[in-house]
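I wrote the entries in the order in which I asked.

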Amino acid sequence: MSDFWQRAFVYPFFLFLITMFVWAVAGALPAALFFGIGIMLRVFFHLRNLEALDRWLADPEKLQVPDGKGLWEDVFSQLNKITRLQRKEREQHAAALLQMKQATSALPEGVVILDEADRIEWCNPLAERHFGLDGERDNGQQITYLARQPEFVQYLAMKSFTEPLILRDTRHGDLVLSVKLIAYGDNKRLLISRDITHLERIETMRRDFVANVSHELRTPLTVVNGFVETLQDMPNLENDMSRRALQLMGEQTTRMESLVNDLLTLSRLENEQNALQEEKVDLAVLLRALLEEGLTLSKGQHQLRLEEESKACIRGSTNELHSAFGNLITNAVRYTPPGGEIVLRWEEAPDGNLRFSVRDSGIGIAPQHIPRLTERFYRVDRSRSRETGGTGLGLAIVKHIAIRHQAQFDIVSEEGQGSTFSIVFPGKRRCSEVTSA
Ligand code: ADP
């Protein structure tokens, strides 16, 4: 028999014994009376303890677990142990939560926890400042009610968040934010915001500086080039050295002019105020013009051909696309030895995207260089690039033009085998017929 039952039987056992004794000494009536009173006292004892338990259960946080006697002492002491343990666990959880809040408050980035319906579950003080939120007041509110910029709403609706969103038009005027969403748990999302106002300002200064320097250099270079050409044409220029010097001066000023022109083109492409011209680009006409230019540049040294697999035209800037496609063709001619093959191709992918590609059988590119080719002034072979009149800015220009058309720029190449450079336009850029170009 367990300890509980042993102790539970002590009182009835002694009550029974004493009742028997009273019966033997004083008769049945006093014994029955004694037994009745004994039972009533026991019931009263249990009721009192039950009432104490009931009172404690009404407010277990504030009240102490009651003291009890006999069997109730055990029950109350167990309860006491459990509540003490729970209190300790609660305190530990609260301390951990406080620590987490302090840590996320110290983060140099804003953090907002969103539920599956983009409602705010929690945010740190920096996120409050970035999005104009109030952690307590806005808890449970949909974030898009509070941060309503269309591009932000669109970004939230997207399923892939690989790229951060640059948010300029925030509630705080000139604040520029880089916003990134990270999916976690059961459809939950973490919204991370970073203040990049300062970086943006430096970037604008850099862009303005390059644009201004290029612009300022343009006029003196044109003048110098003009004089060099005039001098070269002078009939009494007999000295070989002077002729050679003038020829070198001419080559170098032309190179500098190309550089300045490419830098100005890049500045124009980077300038957000310079919106993309959305015109219907007649690809048939453009491709034919590009083929002609390629043939002229190649001077019959390569086999150049055009594969026009699609009649689709696209919306975009004819000038910019001419420049981007032209750069790829010029590179193919420059980096393909005589006798090589160059194919221009315009086609439609099964998913509806439209693709322009230039494939050559030229020198190719080693894999470690490919990710860096669109960086300004990055060249695999500096001297070859210079010899063939390169500025190191061609592919940077192509990439910018592709971005402005929401297109993807892909490079596939194998050293010694050749390369394929492609620009893949999203299907939404297609237009059915050409009215103007
Ligand atoms: P560059 O004026 O030097 O050609 P680009 O930006 O046009 O500058 O190209 C960057 C580098 O990429 C080039 O220096 C060259 O090394 C490499 N490259 C570009 N196109 C080709 C190609 N078709 N074949 C091999 N290498 C190429």
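Where is the place of threonine 374? I found threonine 374 in the loop between β10 and α11, the latter spanning residues 382-387. I keep in mind that this is a predicted model.

**Entry 1: threonine 374**

I looked up what threonine 374 touches, leaving aside residues up to four places away in sequence, and got Leu395, Ala396, Lys399 and Phe409. I also checked a pair of C-alpha atoms: those of threonine 374 and isoleucine 397 are separated by 8.1 Å, and the two residues are 23 apart along the chain.

**Entry 2: α8 and α12**

I turned to the helices α8 and α12, whose axes come within 10 Å and cross at roughly 20°. An angle under 35 degrees counts as roughly parallel, so I noted α8 and α12 as roughly parallel to each other. Their crossing is left-handed. From α8, I listed Asp262, Thr265, Leu266, Arg268, Leu269 and Glu270 as making the contact, and from α12 Ala396, Ile397, His400, Ile401 and Arg404. Sorted by class, the contact of α8 with α12 holds five nonpolar, two polar and four charged residues.

**Entry 3: α9 and α10**

Next I took helix α9 (residues 283-298) and helix α10 (residues 318-334), with axes that come within 10 Å and cross at roughly 30°. Because of that angle, α9 is roughly parallel to α10. I recorded the crossing of α9 past α10 as right-handed. On the α9 side I wrote down Leu283, Leu286, Leu290, Glu293, Gly294, Leu297 and Ser298; they meet Leu321, His322, Phe325, Gly326, Ile329, Thr330 and Val333 in α10. The residues of this contact divide into eight nonpolar, five polar and one charged.

**Entry 4: the largest nonpolar core**

Which residues of the largest nonpolar core touch the most other members? Of its 42 residues, I got Phe325, Leu328, Phe356, Phe409, Ile423 and Phe425. I then asked which elements supply at least two residues each, and found α8, α9, α10, β9, β10, α12, β11 and β12. The largest share is from α10, with seven residues. Phe325 had already come up in the contact of α9 with α10, and Phe409 among the residues that threonine 374 touches.

**Entry 5: α2 and α3**

Phe45, His46, Asn49, Leu50, Leu53 and Trp56 in α2 meet Trp72, Phe76, Leu79 and Thr83 in α3.

**Entry 6: two positive phi values**

Most residues other than glycine have a negative phi. I noted lysine 299 for its positive phi, near 55°. Lysine 299 lies in the loop between α9 and β7 (303-308). Is lysine 299 exposed or buried? Lysine 299 counts as exposed, because its relative accessibility is 69%.

Glutamine 406 also went into the notebook, with a positive phi of about 55° although it is not a glycine. I placed glutamine 406 in the loop between α12 and β11. With a relative accessible area of 42%, glutamine 406 is partly exposed.

Notes:
Residues are numbered from 1 along each chain as its sequence is written. This is a predicted model: local features need pLDDT of at least 70, side-chain atom pairs count only at pLDDT 80 or more; totals for chains, interfaces and linings use all residues. Side-chain values use heavy atoms; hydrogens and water are left out. Axes are lines fitted to C-alpha atoms, for helices over the stretch in contact, and angles run from 0 to 180 degrees between N-to-C directions. Helices (H or I, at least four residues) and strands (E, at least two) are DSSP runs, numbered from the N terminus. Angles under 35 degrees count as roughly parallel, over 145 as roughly antiparallel, 65 to 115 as roughly perpendicular and the rest as oblique. A crossing is left-handed if the near helix is turned anticlockwise from the far one by less than a right angle, and right-handed if clockwise. Contact means heavy atoms within 4.5 Å. Ala, Val, Leu, Ile, Met, Phe, Trp, Tyr, Cys and Pro count as nonpolar, Asp, Glu, Lys and Arg as charged, and the others, Gly among them, as polar. A nonpolar core is a set of buried Ala, Val, Leu, Ile, Met, Phe, Trp, Tyr and Cys residues joined through side-chain atoms within 4.5 Å. Buried means under 20% relative accessible area, exposed over 50%, partly exposed in between (1.4 Å probe, protein chains only).
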